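Subject: Structure for you to look at

Hello,

I am handing over a structure that you have not worked with before. Please open it first; my notes follow below it.

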Amino acid sequence: MNKLLIVGSVAFDAIETPFGKTDKILGGAAPYIGLSASFFNLQSAIVSVVGDDFPQEYLDLLTARNIDISGLEVVKGGKTFFWSGLYHNDLNSRDTLATELNVLGDFQPKVPQNFKNADVVMLGNLHPLVQSSVLDQMESKPKLVVLDTMNFWMDCALPELLDVMKRIDVITINDEEARQLSGEYSLVKAAAKIHEMGPEYVVIKKGEHGALLFHKKEVFFAPALPLEEVFDPTGAGDTFAGGFAGFITQSENISFENMKNAVIYGSNLASFSVEKFGTERMVNLDKEEVISRLQQFKSLTQFDIEL
């Protein structure tokens, strides 16, 4: 099986939406990416760090999905990264109530030996220097490197972000971040500018309005599935990235045409993620549901027209 290396935060999240609130639950980019990628035929590993307050049941949950956690460092006496957020009624905007980096503040990633030759590397949203250090540890050049980032790093670590972007193949960011990074309002112009910074493929996520894939002059748009219930959007972008990277890893095909399918698979899995708090829906999701909803995506976008 092909190998997917996942680098990202593992955290406790406390979330409040108009539909309810949680105490500390499993969060962070890496679990969402890993759970999403586990629906594909591949080997995956998470590289991250937690404190010894991180419960065994969460570790067991990851290993039960065949996710290698030998690169998940547990710091004795340390506290796990914690984030708390409050979503507004439209669920598109939120207030961060607390961010406690804890052990993530001094994180030095260590790639497991048997994943230093991973086919695909998914660099979740972390400091660009951490992302670069992972690429430095690879013993063979990955077939594809996907990077996720956010406006925080554009504000406080832009030179380091631009450096790591020269080493990647795909960047996944949202529309607001694409505009900030490029200085362009038009997403077509923004993607062209970002392409010049290094990535061959630019994926711009638009939440409930779908996702765009850019490659040179080619553009593909995937809609978001209209859902009856959207409960908690936390982790939807990471779930999308896990589906995207997982499909590419399984298929071994990095053409633009195949990336269209990867975007649909990512959008499909993200549509489940938002239906419950945290990772709950992804943990209890089965493959039959995934395939059934893929058919809905196909029906949503398929039509015959006479030209």
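What covers the buried residues of α7? The cover includes the helices α5 (158–165) and α6 (175–182), together with the strands β11 (170–174), β12 and β13 (211–215). Please keep in mind that this is a predicted model.

Helix α7

Helix α7 spans residues 187–196, and Leu187, Ala190, Ala191 and Ile194 are buried in it. Seen down the axis of α7, these buried residues fall within an arc of 100 degrees, so they line one face of the helix. Val188, Lys189 and Glu196 are exposed, on the face of α7 turned away from the buried side.

Salt bridges

The whole structure contains twelve salt bridges. One of them joins the side chains of Lys205 and Asp148, at 3.6 Å from N to O. This pair links distant parts of the chain, since Lys205 belongs to strand β12 (residues 201–205) and Asp148 to strand β10 (residues 144–148), 57 residues apart. Lys205 has a relative accessibility of 14% and counts as buried, because the cut-off for buried is under 20%. Asp148 is buried too, with a relative accessible area of 6%.

Two further pairs can be set beside it. Asp163 and Lys166 meet through their side chains in a salt bridge of 3.8 Å, N to O. Here Asp163 is partly exposed, at 44% relative accessible area, while Lys166 is exposed, at 61%. In the other pair, Glu184 forms a salt bridge with Lys193, and the closest N and O atoms are 3.0 Å apart. Glu184 counts as partly exposed at 22% relative accessibility, and so does Lys193 at 33%.

There is also a network of salt bridges, which links Glu275, Arg281, Glu289 and Arg293.

Helices α9 and α11

Glu289 and Arg293 turn up again where α9 meets α11. Helix α9 (residues 256–273) packs against helix α11 (residues 287–301) at an angle of about 115 degrees, and the two axes are 10 Å apart. The crossing of α9 past α11 is right-handed. On the α9 side, the residues in contact are Ile264, Tyr265, Ser267, Asn268, Leu269, Ser271 and Phe272. They meet Glu289, Val290, Arg293, Leu294 and Phe297 of α11. Sorted by class, this contact of α9 with α11 has seven nonpolar, three polar and two charged residues.

Two buried serines

Is Ser36 buried or exposed? Ser36 has 0% relative accessibility and therefore counts as buried. Ser36 lies in helix α1 (residues 29–37). Leaving aside neighbours within four places in sequence, Ser36 is in contact with Thr239, Gly242, Gly243, Leu269 and Met282. Leu269 is also one of the α9 residues that meet α11.

Ser44 is found in strand β5 (residues 43–51). At 3% relative accessibility, Ser44 counts as buried. Not counting residues up to four places away in sequence, Ser44 touches Leu4, Ile6, Asn66, Ile67, Asp68 and Phe115.

Regards

How values were computed: Residues numbered from 1 in each chain as written. Predicted model: local features only at pLDDT ≥ 70, side-chain atom pairs only at ≥ 80, totals over all residues. Heavy atoms only, no water. Axes fitted to C-alpha atoms, helices over the stretch in contact; angles between N-to-C directions. Helix = DSSP H or I, 4+ residues; strand = E, 2+ residues; numbered from the N terminus. Left-handed = near helix turned anticlockwise from the far one by under 90°. Contact = heavy atoms within 4.5 Å. Nonpolar A, V, L, I, M, F, W, Y, C, P; charged D, E, K, R; others polar. Buried < 20%, exposed > 50% of the residue type's maximum accessible area, 1.4 Å probe, protein only. Salt bridge = Lys/Arg side-chain N within 4 Å of Asp/Glu carboxyl O. Arc of directions from axis to C-beta.
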